[in-house]
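Student: I would like a close look at one part of this model. Please take me through it step by step.

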Amino acid sequence: MTRGFFACSAVTLFFSVPALASKLTIAVQLEPPHLDPTSAAAGAIDDVTYANIFESLTRFAEDGTIVPSLAESWDVSEDGLTYRFNLREGVTFHDGTSMDAEDVKFSLDRARGDDSTNAQKGLFAGIAAVNVIDPRTVEVTLSETDGNFLFNMAWGDAAIVAPESIDTIKTNPVGTGAFKFSEWVQGDRVELVRNEDYWGEPAALEAATFRFISDPTAAFSAMMAGDLDAFAAFPAPENLIQFEADERYKVLIGSTEGETVLSTNNKKPPLDDIRVRQAIAHAINRQEIIDGAQFGYGTPIGTHFAPHNPAYLDLTGNSPHDPEKARALLAEAGHGDGLTLSLKLPPPSYARRGGEIIAAQLREVGIDTEITNLEWAQWLEEVFRSKDYDLSIVAHTEPMDIGIYANPDYYFQYDNPRLQEVMSTLRGTTDPDRRRDLLQQAQTIVSEDYVNGFLFQQPRLTVAKKGVQGLWANAPTQAVDLTGVSWSD
Amino acid sequence: MSGGRRASWSFLTGAVLVSLFAIAALVSVIWTPHDVSGMNISARMKAPGGDYLLGTDHFGRDMLSMIMAGAQTSLAVAIIAVGIGMAAGVPLGLAAAANRGWLDELIMRANDLAFAFPALVIAILITAVFGPSAVNAIIAIGIFNIPVFARLTRGAALSLWTREFILAARVAGKGAVRISAEHILPNIANLLIVQGTIQFSLGVLAEAGLSYVGLGAQPPTPSWGRMLADSQTLVGLAPHLALVPGMAIILSVLGLNLLGDGLRDMLDPKLRVVRT
């Protein structure tokens, strides 16, 4: 009898404790190629690792501001050239070794070294020296003042890694974050468990699983079937209405750093002629693209800058929808009898659908396009590396990335010394007002040069079960920060 | 008995369905109710009825116009693919049957090899090498058709080669090529027509399948398969986006199969013998 009662109560207990409550299964669209954020551009790596596994000296908060992370505080010298970081006490890597100034020096030196494979080497270019003062103090000397330095140090690419685990970091990442890497089932999921020795507020979740679902239909079905607790950056905006109408789910709509542009090969004739680029800009009807490709989710932009940034200038007025003007400009450039351009599209629906809409809009002014749909690997090879394209559509998701226009080797192949000078002046400027002025100059230059067709700012669309709390609505950098996520009752 | 050569129920139904699509395809060359690629984003996903008989898609394009133009793509791809299959397969089969030696072995083993690859794999291979387009879809489906016709031709021709009238022709001094062309081919033509109709329906399906996975006709060329693929995430919001191209594919394939069945009833000598 006693035993029966005991077993019975055990069963009750088992079911009354919400077994899933401290676990979360969240999906993202792309699987990372590996798990080292310091040696590849793939944003999918940061989705999994940023803040969860790896931390940097500083970090992005949800609203995009820079807050302390592994560095508790810092002192900047009078001339702005020396940053003295005071590291937190009691920080250990997941393998139990302590995180100290030597690890910071190692990480920064590795990222800026000649043989570095860091995808954002530019972030570290201004560093002249990294000196260990004592185990909890690091001094970074810059070659020239850099108003962006603390911002740069917040990137996932600036993660602090341990020299001991660097050889296997791609498959077994060892960081300092609130979650430890547990298992990676390739093609399916990455599993994380809570780091019980975390230096800060421990995560509310005991374990988290990242699943990778690239197909929008499969994403919708998996979410509707309840297999997933959340989907960060949901790929099918057309399905959001259904989630909003379903009381089991909630939809978060936030901002991202993703400027969606009609990438243009500025060196390839006839696109080297500004009149042709301007004609394309006037042929584009942004609202139609946002409605047709994004089902209304998105903010029109007229330059390569995020509208939620305080320095943003609304320059959509430089390129209003004006087919008449577009035709006139084409005629003036000698293409009055038509023109055929290639349009190479990566897989996301904003590109594929947006591409069809833009093709129709361009056709209206006499530009025919040959659409080719490419997989990501092909796109990176043909468009991004070989620059074998006329037009493409892609969202540039790095924060504050207008600097790519100052790089003439970037796949836009845009070479304008005036802009390059503005950007280099910006690097040496710390005064906030002056910086804003320079950023606005840069925005104006790329907008008035019609470097690309500026389409819209990607929204961050997240679908989650009602009980999930603390997910980021905004995406100030590519990240799915689970450290503050919990279940409500 | 008089029933043997009369048009059957299945033949009539098939013929009506197929001509419906053929007429739609032909008309779409000169006229469609709306501009096929003309987008009207503000009128997107309209339910069937009113100005748009079959509704509009997610870009506000007229579904009826797209189905008509899509029929053109489908039928053109299927016709040319069957044409390729016949043009290459029939002579190969005739040659194999006439020779019966190493050439026969060579042709038929090469056929077996081609048959061993699933059609879709061949198609993916071709489009992976040469890039996706309607032309490459035609080639892929056409290649798959060659062994089908080669086998059928050889089998039918072999049984004819043992017949007395062929012997008579040989005695009269006709060569293998002439006999094949003048005596064998006319006698197996009915078989080929029936098989052609069946392959035609498979071609329509294959084109839809290839376009569905993105390997067929590229936008903005309308295609039923791509209409289906585009509607995938929208089924819950606007079911007609999937139903309309889905029904077009079903009805055209059903029509072609019924037509093929009916033709076989009318033309197949074996069935004719039984009935008369």
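Student: How many residues does the contact take from chain A, and how many from chain B?

Tutor: Keep in mind that this is a predicted model. The contact takes 18 residues from chain A and 17 residues from chain B.

Start with area. Chain A and chain B together bury about 1,700 Å². Carbon and sulfur atoms give 58% of that.

Next, look for charges that pair up. The rule finds one salt bridge across the interface of chain A and chain B. Its partners are Glu356(A) and Arg61(B), whose side chains meet at 3.2 Å, N to O. Which elements of chain A give two or more residues to the side that touches chain B? They are α5 (216–224), α6 (240–245), α8 (286–294), α10 (349–364) and β15 (367–373) of chain A. Among these, α10(A) gives the largest share, five residues. By kind, the residues on this side of chain A divide into seven nonpolar, five polar and six charged. Between chain A and chain B, six residue pairs are in polar contact, with both residues at pLDDT 80 or more.

Chain B has ten helices and zero strands. Its pattern along the sequence is simply α-α-α-α-α-α-α-α-α-α. Along the principal axes, the C-alpha atoms of chain B fill a box of roughly 75 × 50 × 30 Å.

Residues 110–128 of chain B are 89% helix and 0% strand, with end C-alpha atoms 23 Å apart. Residues 237–260 of chain B are 88% helix and 0% strand, and here the end C-alpha atoms lie 37 Å apart.

Back to chain A. It is divided into domain 1 (2–34 + 171–255 + 460–487), domain 2 (43–168) and domain 3 (256–459). UniProt, again in an unreviewed entry, places the feature "domain: Solute-binding protein family" at residues 65–397 of chain A. That stretch is 26% helix and 26% strand in the model. Its end C-alpha atoms are 17 Å apart.

Nine residues of domain 2 and eight residues of domain 3 of chain A take part in the contact. The area buried between domain 2 and domain 3 of chain A is about 700 Å², and carbon and sulfur atoms give 56% of it. Which three residues of domain 2 supply more of its buried area than any other three? They are Thr145(A), Gly147(A) and Trp155(A), with 46% of the area that domain 2 of chain A buries against domain 3. On the side of domain 2 of chain A that touches domain 3, the residues divide into three nonpolar, four polar and two charged.

Salt bridges also occur elsewhere. A search of the whole structure finds 31 of them over all chains. One joins the side chains of Glu72(A) and Arg136(A), at 3.5 Å, N to O. This pair links distant parts of the chain, 64 residues apart. Glu72(A) is in strand β4 (residues 71–76), while Arg136(A) is in the loop between β6 (127–134) and β7 (137–142) of chain A.

Finish with two backbone details in chain A. Most residues other than glycine have a negative phi, and most peptide bonds are trans. Ala51(A) has a positive phi, near 70 degrees. It is found in the loop between α2 (43–49) and β2 (58–60) of chain A. Pro269(A) and Pro270(A) are joined by a cis peptide bond, with omega about 0 degrees. Pro270(A) is found in the loop between β12 (249–264) and α7 (274–283) of chain A.

Note on methods:
Residues are numbered from 1 along each chain as its sequence is written. Chains are lettered from A and ligands numbered from 1 in the order in which they are written. Side-chain values use heavy atoms; hydrogens and water are left out. Domain bounds come from an automatic or database domain assignment. Contact means heavy atoms within 4.5 Å. Buried area is the accessible area (1.4 Å probe) that two parts lose on being put together, summed over both. Ala, Val, Leu, Ile, Met, Phe, Trp, Tyr, Cys and Pro count as nonpolar, Asp, Glu, Lys and Arg as charged, and the others, Gly among them, as polar. A salt bridge is a side-chain nitrogen of Lys or Arg within 4 Å of a carboxyl oxygen of Asp or Glu. A polar contact is a pair of N or O atoms within 3.5 Å; within protein, one must be able to donate a hydrogen and the other to accept it, and residues adjacent in sequence count only if both atoms are side-chain atoms. Helices (H or I, at least four residues) and strands (E, at least two) are DSSP runs, numbered from the N terminus. UniProt positions are given in the numbering used here, feature names are shortened, and annotations may be inferred rather than shown by experiment.
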